[in-house]
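Thank you for making time for this at the group meeting. Please keep the sequence and the structure in view while I talk.

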Amino acid sequence: MDLILDGIIEAFRLIVTGDPEVMDITLLSLRISGSATLISTCIGVSAGTAVALTRFPGRRFLISVINTGMGLPPVVVGLFVTIFIWRSGPLGSLGLLYTPAAMVVAQTVIAAPIITGVTLAAMQRLPGKLRLQILALGATRRQMVWLLMKEARLPLLTAVMAGFGGVISEIGASIMVGGNIRGYTRVLTTATVMETGRGNFAVAIALGVILLILAFTVNYILTAIQQGRGR
Amino acid sequence: MFTRRSIAVLLIGFVFACMGWAGLRAAGKDIILATTTSTQDTGLLDELVPVFEKKTGFRVKTIAVGSGMAMAMGERGEADVLLVHSPDAEERFVKSGFGVNRLPVMHNDFVIIGPANDPAGIRTVKKAGEAFRKIAESKSLFISRGDKSGTHVKELKLWKEAGIHPEKQTWYQQTGLGMGQTIAVANEKYGYTISDRASYLSLKGKIDLVLLLEGDRSLLNKYHVIQVNPKKFPGVNAPGAKAFSNFLVAPLTQKMIESFGAKQYGEVLFFPDARK
C-alpha cells in the first residue's frame, strides 16, 4: 500500500514540478496516439460507413474480418509491422523502424479496425427509412452520407474514444517498432515497463497515474463534445 | 463537403509530418545499438550515450533486449553495433562472419541470490556449480530468465557443468523476461536466481532476496562491443558503429564506466576492461 501511495505522490510531484523528461514522454504519447487515432478515424469512419451503406457479395465475411480486427493483439501487429519495415523487409529502405512514425503506423493498424467496427455498428443501427427520407427530400448521395454521419455522431465519437483508448494504453507494438528509445520513442507505457524493470516502482506507478490522467482528459473532452452537442 | 476536405488535408499533413519526423533523423546519423537489459536498466547507457551523441553528432537508438536477441538482430543486419555479454555465442557470431572487431569493454560478475532463510543451504558454498547442485537436490524454486540472454546462457552453462537438466522440473521456472522483472518474480516467489551484479545492486534496496554466493571465477561476466559486419550487410551504419565502438573503449569513457556505479550505488558496477 505504501508503494501505491508513494507512486501517487511521485506522480503529483512529477506533474507539479513539470519534470521535463516526463513531460516529453507524455507529449510524445499524446502526439503518437493522437495522430494514429486521427488517421484511424479517417480510415475507419469512411470504411465503416461504406460497408454499412452498401450491399455486395462477401459483405458478411468482410464484417467478420473487421470485427476480428477489433481484437487484434498489439504484439502481433508489432511483429508484422516490424517485419515489413526492418532493413531487410519490403519497406526497409524507408528507415522507419524505431521511429515515432513506425509507432503511428502500428497504432493505426490497431485502432482502424476498432473505429471501423464501431462505426459500422452505429451506421447500421440508424433506421433504414432515414436514408430514403433524406434522398426523397432531394439530397445528393454525398449529402445523404454526411447527414447520416451527423445523425450517428454520438456512437462515432464513442468509436474515436475506443480507438484512442486502445492505442494510448497499448505496449506490445510500441515497444517492438519504437524500441523505447530515450527522448525519441519512449512513451508512457514503454517507460512504465522499463521503470518496473529497474525496480523504480514509485516512478512506474507515477507514469501509470499520468497515463490515466491523460486518457481521462482526452476522453473528457471527447465526451463533452459528444454530450454537449448531442442534447 | 468543406469539412471532409479539411479532414483530408489534415490527414495528409499528419502523414507528411510523421514522414518528416522520421526523415529528420534519417540514414547516416542513426546508429542502432542492440544491447542487454542490464546496461539500460542500471542507467549506464543513459550516462554514456548523450556524451557520445554530443561528441560525434550521431544519434544512438538503444534497443535493450537480451544478448541472444541482440545477436539475432545482428545476424539480420538490423543493428549496427552490439554491446553484449555472452562470450561463447559472441565468438560464434564473429566466426560466422556477422560481426567484426569484437573488443572487451567492461566486466562485473554474476551473483546467486535467494531467500534469506536459504532452504538449499548455499550460503556457505564457494562454487556456483555446487550451489546449483544443492538447489536441485533440495528441489528449491529456481527462477530462470529463459530468454537466451547472456545471463540465461551463463546459467545454462552452470547447470550443464553441474550435470543437471533442470528443464521440465517443477522447481525450475522460466520467466522469459528481463533481469529486473525476473528478480521481481523470484522475490515474490522466494526463489533463487542468478543475476548480473549491476542489476542486483540496482534493485537491492527494494527486494527481500539476499546475496548468497559471489566471487566464484566461473561467475565472471564480460561485456564486449561488436560491430555488425558491413561487408555482409551493406545497410549497416559502419562509420557510426565504428565511432561508437571506439568511444566505448576510449580512456575517458572507460573512466566514466568505472566511476558510474559509485555515484548511484556506492560501489563499482562495471569494471573497465579496455585499458591495457
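Predicted model: local features only at pLDDT ≥ 70, side-chain atom pairs only at ≥ 80, totals over all residues.

Residues are numbered from 1 along each chain as its sequence is written, while chains are lettered from A and ligands numbered from 1 in the order in which they are written.

Let me begin with chain A, where the axes of helix H5 (residues 100-125) and helix H8 (residues 153-168) come within 8 Å and cross at roughly 155 degrees. Helices here are DSSP runs of H or I with at least four residues, strands are runs of E with at least two, and both are numbered from the N terminus; the axes are lines fitted to C-alpha atoms, for helices over the stretch in contact, with angles from 0 to 180 degrees between N-to-C directions. H5(A) and H8(A) are therefore roughly antiparallel, a term for angles over 145 degrees. Among the residues that make this contact are Ile110(A) and Ile114(A) of H5(A), and Ala159(A) and Gly163(A) of H8(A), where contact requires C-beta atoms, placed from the backbone, within 7 Å.

Turning to the two chains together, 23 residues of chain A are in contact with 27 residues of chain B. On the side of chain A that touches chain B, H2(A), H5(A) and H10(A) each supply at least two residues, and H2(A) gives the most, with 4 residues.

S1(B) runs parallel to strand S2(B) (residues 59-64), with 6 bridges joining them, and Ile32(B) stands opposite Lys61(B). S1(B) is also parallel to strand S3(B) (residues 81-84), through 3 bridges, with Thr35(B) opposite Leu83(B).

Finally, Tyr190(B) sits in the loop between helix H8 (179-189) and strand S7 (193-196) of chain B. Tyr190(B) is partly exposed, having 16 other C-beta atoms within 10 Å, and, not counting residues up to four places away in sequence, Tyr190(B) touches Pro115(B) and Leu141(B).

Notes. Parallel < 35°, antiparallel > 145°, perpendicular 65-115°, else oblique. Pairing = 2+ DSSP bridges. Buried ≥ 20, exposed ≤ 12 C-beta atoms within 10 Å, placed from the backbone.
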